[in-house]
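Please consult the sequence and coordinates shown here alongside the text.

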Amino acid sequence: MTNTWQDIKNADVVVVMGGNAAEAHPCGFKWVIEAKIENGAKLVVIDPRFTRTASVADYYAPIRPGTDIAFLLGVIRYLLEKDKIQHDYVRAYTNASLIVKDGFGFEDGLFSGYSEETHSYDKSSWDYELDDQAFAKIDDTWQHPRCVMNLLRQHVARYTPEMVSRICGTPQDKYLHICEMFASTSAPDKAMTSLFALGWTQHSIGSQNIRTMAMVQLLLGNIGVAGGGMNALRGHSNIQGLTDIGLLSNLMPGYLTLPSDKETNFEDYMTTRLFKPVRPNQMSYWQNYKKFFVSFQKSIYGDAATPENNWAYDWLPKLDIPLYDVIKAFEMMNKGEMNGYICQGFNPVQAFPDRGKIRRGLSKLKFLVTMDPLDTETSRFWEDFGPQNPADSANIQTEVFQLPTTCFAEENGSLVNSTRWLQWHWKAAEPPGEAKSDIWIMASIYHRMREMYRKEGGAFPDPILNLTWNYTDPTDPDPEELAKDMNGRARTEIKDASGAVTLKAGQLLDGFAQLRDDGTTESGCWIFSGCYTEKGNQMARRDTSDPREQGIAPNWAWAWPANRRILYNRASADVEGKPWNPKKPLIEWNGNKWVGIDVPDYGPTIKPSDGVGPFIMNAEGLGRLFARDQMVEGPFPEHYEPFESPVPNVLHPKVRSNPAARVFPDDLAAFGLAPEFPYVATTYRLTEHFHFWTKHALINAILQPEEFIEIGEVLAQQKGITQGSWVRVASKRGHVVCKAYVTKRIKPLTVDGKPTHVIGVPIHWGFTGQARKGYGANTLTPSVGDANTQTPEFKAFLVNIESTSAPVA
Amino acid sequence: MNLSRRGFVKLTGATLAASSLEALGFGFAGEALAASVRPFKLTRATETRNTCTYCSVACGILIYSMGDRAKNARSNIIHIEGDPDHPVNRGTLCPKGSALLDVVHAPTRLTAPKYRAPGSSEFKQVSWEFALDRIAKLMKEDRDKNFVAKNAAGTTVNRWLTTGMLAASASSSETAYLTWKVVRSFGMLVFDNQARV
């Protein structure tokens with residue numbers, strides 16, 4: 001989230017599209033109600049289902065799953081045509097005026113540079129035209145035919161209201177009404193907030209769904225302001241933290257990235273990451289990459305990381321492909337390319353697409369280790385549970401270790417919430433039986449490995465033997481010590497230019513501005529620097545005061561980066577530094593410095609006249625309507641159909657789905673076609689359950705005890721399915737047998753002139769826990785991911801449904 | 001009057017019991033009844049501040065446990081509720097958060113390491129020593145056999161692709177950081193978390 005949960009109350013319009021906050025994030029959704037009651041905000045919900053969020057909306061419109069980009073590019077067309085954009089903001093804070101290279105183009109669904117063979121783009125034409133100082137050329141009169149604004153206008157011209165309705169199935173009048181509501185926030189003192197979740201990410205074009213709304217928000221001047229922003233409502237309690245600390249295939253802590261095979265030495269690695277500004281005077285904050293990188297290497301390798309060994313650069317594993325994500329991992333397992341797998345608090349048998357493939361993959365492993373407080377399906381994939389998990393145990397050679405762990409109530413530590421707050425929590429009791437913390441388990445595995453490498457040697461032991469481990473109890477490091485590691489400290493005495501000591505050796509840092517690239521500082525996660533300082537554990541702060549009650553609460557816990565609560569807040573003020581909305585200012589220029597209720601996302605003394613853009617992480621200092629080479633499938637979003645779709649792509653039939661998506665041949669063969677699987681299915685959560693955990697909790701198992709699907713009345717009648725009767729729902733990959741809930745909440749949509757039915761598949765049931773046994777929604781879902789992030793396409797796929805008799809008990 | 005929350009609960013618990021009975025017209029009998037009312041159980045519980053383990057709203061919660069954290073007393077969690085001081089949830093919890101106690105004490109909480117041998121149709125309880133020794137041995141064997149120090153072009157790549165890990169997105173950041181250190185020191189690249197689902 002760019003903004004805070006409480007800040008939602010400052011919105012004039014709240015749009016929930018790609019999520020269902022009332023049911024999935026109920027206590028955060030309260031702030032939407034607060035906005036409605038206290039601020040007169042209008043809530044707009046766009047969703048295939050009439051959800052509980054929709055039930056309290058001021059305006060609801062249905063949409064076919066997987067067509068959000070068409071809808072939103074239509075919105076952009078409307079805003080440009082009706083001139084409902086915040087002109088001063090767009091001109092000064094976005095790249096609308098920058099000129100794109102001659103040679104960039106878009107034709108028949110493909111951008112320039114596409115290779116049919118590799119399903120990828122040569123992105124060299126997706127960039128600015130540069131002047132002789134290597135700065136992007138600019139035309140802020142927007143006359144140049146290749147300025148971003150004109151290219152965007154041209155790109156969205158095809159998304160007429162007729163076309164939007166034809167693709168999305170949203171009635172034109174409803175769509176246009178929503179365009180008008182969005183447009184009302186182009187006034188400088190009005191704001192719209194976008195709340196979204198997996199309804200946008202779980203698509204083969206997921207990242208571009210979000211990007212399209214971000215563009216809408218930039219055009220309306222709604223980024224960086226109170227009541228605005230792009231607010232990803234994240235799903236797990238520390239999913240933000242795990243992303244921040246880089247527990248993803250290609251990441252290092254603080255969004256540093258692992259090297260690739262192409263970066264054969266440290267210098268090459270650095271050149272591609274020290275982003276040089278592409279407009280004059282810009283901060284381009286990633287220019288500091290080396291400080292963050294060296295300080296990180298010093299944190300984990302200490303004295304063993306030296307200038308001579310390039311700060312142990314070679315000890316980092318290098319990637320030969322962009323990602324070894326989970327879909328790739330299970331593809332490798334199925335091909336016999338993996339031997340071991342460790343699942344720490346993660347249950348892929350329930351969570352990842354094409355369950356049959358997941359089970360087959362695990363069956364080919366030599367060993368599987370699960371670490372979990374609960375008895376997960378993954379740890380028992382080899383055991384026969386009947387039709388919900390048929391297994392021939394004798395033929396599965398995988399050794400399985402089920403390790404019991406502590407849960408949240410049995411440990412100290414911090415979690416990063418959706419709005420980037422690091423909140424400390426305390427242990428309330430000992431874990432049951434012999435359960436142990438994940439920290440103890442990871443330390444135990446590490447120590448055994450290190451001992452064996454010490455004694456016996458083996459493959460490249462250097463990083464294992466030199467890993468810093470200066471913990472008071474090496475077998476069970478204290479979370480506070482680990483938090484201090486991430487915050488960082490001075491390794492030697494540090495002096496300023498005048499010779500005065502600024503940091504004593506060993507002193508905890510106040511923030512990342514103190515990091516250096518010469519090995520004199522260390523920090524395990526630069527964006528967390530400031531969370532545990534000499535003043536103590538900032539994450540444990542509990543001051544509820546909130547200036548002007550504007551929803552900042554600056555001294556409650558601690559937010560990354562630098563305790564900043566609203567990202568890009570420089571954009572809340574105009575070019576001169578005066579707030580666009582004088583009633584709800586975040587920061588403003590007082591003649592000498594930036595002041596206000598939030599920490600400036602900007603140099604605190606940079607004068608407005610210096611022309612430094614508010615988007616300081618970008619090399620141009622501007623918000624990007626044109627993404628340059630940052631996205632794999634194009635610098636502008638484009639509507640591509642889901643990989644399983646009931647209709648052709650009416651814009652460009654030859655390029656139906658995301659042309660840059662990675663699809664493995666066996667997964668391609670397992671995609672179904674509309675004649676056999678005519679109905680669109682989408683998966684979701686119920687408010688009574690959290691993924692596959694709460695079926696272990698008695699009360700939740702009672703509230704929603706058994707697997708079901710939701711089906712609209714029209715289709716139910718056609719198929720002879722009655723309320724509560726048994727159905728068999730099948731995709732090309734498998735089937736589930738469960739009860740049908742016939743609902744008024746899902747209505748047929750008219751897509752390209754034909755009726756289209758949507759079937760809803762809640763995800764919560766498996767074969768362990770206290771609820772009744774279920775097959776799991778992922779029995780049906782296709783194994784294909786978003787082309788940028790490889791988030792699986794759970795939100796739009798094809799199934800068939802038929803009435804069936806009750807299973808024999 | 002400067003009252004801690006627990007003091008406030010104690011005070012209101014006692015006076016409420018007495019005054020509401022009088023209001024109902026029990027008169028003197030009320031006093032006797034009030035004296036026999038069981039004291040509010042949370043008044044003698046230990047309160048611990050924590051965060052809900054489910055979604056990323058990160059509601060503040062108060063965990064109440066019996067036992068005073070003395071060395072010889074084992075704490076038992078008896079109640080969990082929303083933290084009224086928390087600026088986001090302000091004391092409220094959703095249908096999942098309200099039932100946290102049931103997941104802490106779920107009958108399917110694991111209590112001992114278990115091992116399933118190749119081809120077996122059941123788990124066997126084992127010691128931590130056995131499980132960890134065997135895991136480390138399997139990992140080292142696999143790493144030594146399949147570690148890639150250099151690629152075909154002769155570039156140092158130092159990666160290990162045949163063993164992978166999925167990390168927990170409800171674990172603390174401190175756990176995550178330690179996990180990162182350990183996993184990457186081995187050279188592991190098949191490494192991911194729930195951010196994608």
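## Nonpolar cores

In this predicted model, the largest nonpolar core has 265 residues, of which A:V14 and A:V148 touch the most other members. Such a core is a set of buried Ala, Val, Leu, Ile, Met, Phe, Trp, Tyr and Cys residues joined through C-beta atoms within 7 Å; buried means that 20 or more other C-beta atoms lie within 10 Å of a residue's own, with C-beta atoms placed from the backbone. Helix α4 (residues 68-81) of chain A contributes the most to this core, nine residues; helices are DSSP runs (H or I, at least four residues) and strands likewise (E, at least two), numbered from the N terminus.

A second, separate core of 30 residues includes A:Y679, A:I711, A:V799 and A:I801.

## Barrel in chain A

Six strands of chain A form a closed barrel in the order β26-β32-β27-β29-β28-β33, with mixed pairing; strands pair if DSSP finds at least two bridges between them. Within chain A, β28 (residues 726-731) and β29 (residues 734-743) pair in the antiparallel sense over six bridges, and A:V729 has A:V736 as its bridge partner in β29(A).

## Interface between chains A and B

In total, 140 residues of chain A are in contact with 102 residues of chain B (C-beta atoms, placed from the backbone, within 7 Å). Helix α17 (residues 438-456) of chain A supplies the largest share of the chain A side, nine residues.

Strand β12 (residues 340-344) of chain A pairs with strand β8 (residues 163-167) of chain B in the parallel sense over four bridges; here B:G164 is the bridge partner of A:Y341.

## Conventions

Residues are numbered from 1 along each chain as its sequence is written, while chains are lettered from A and ligands numbered from 1 in the order in which they are written. As this is a predicted model, local features need pLDDT of at least 70 and side-chain atom pairs count only at pLDDT 80 or more, whereas totals for chains, interfaces and linings use all residues.

Note on methods
Two residues are in contact if their C-beta atoms, placed from the backbone, lie within 7 Å. A residue is buried if 20 or more other C-beta atoms lie within 10 Å of its own, exposed if 12 or fewer, and partly exposed in between; C-beta atoms are placed from the backbone.
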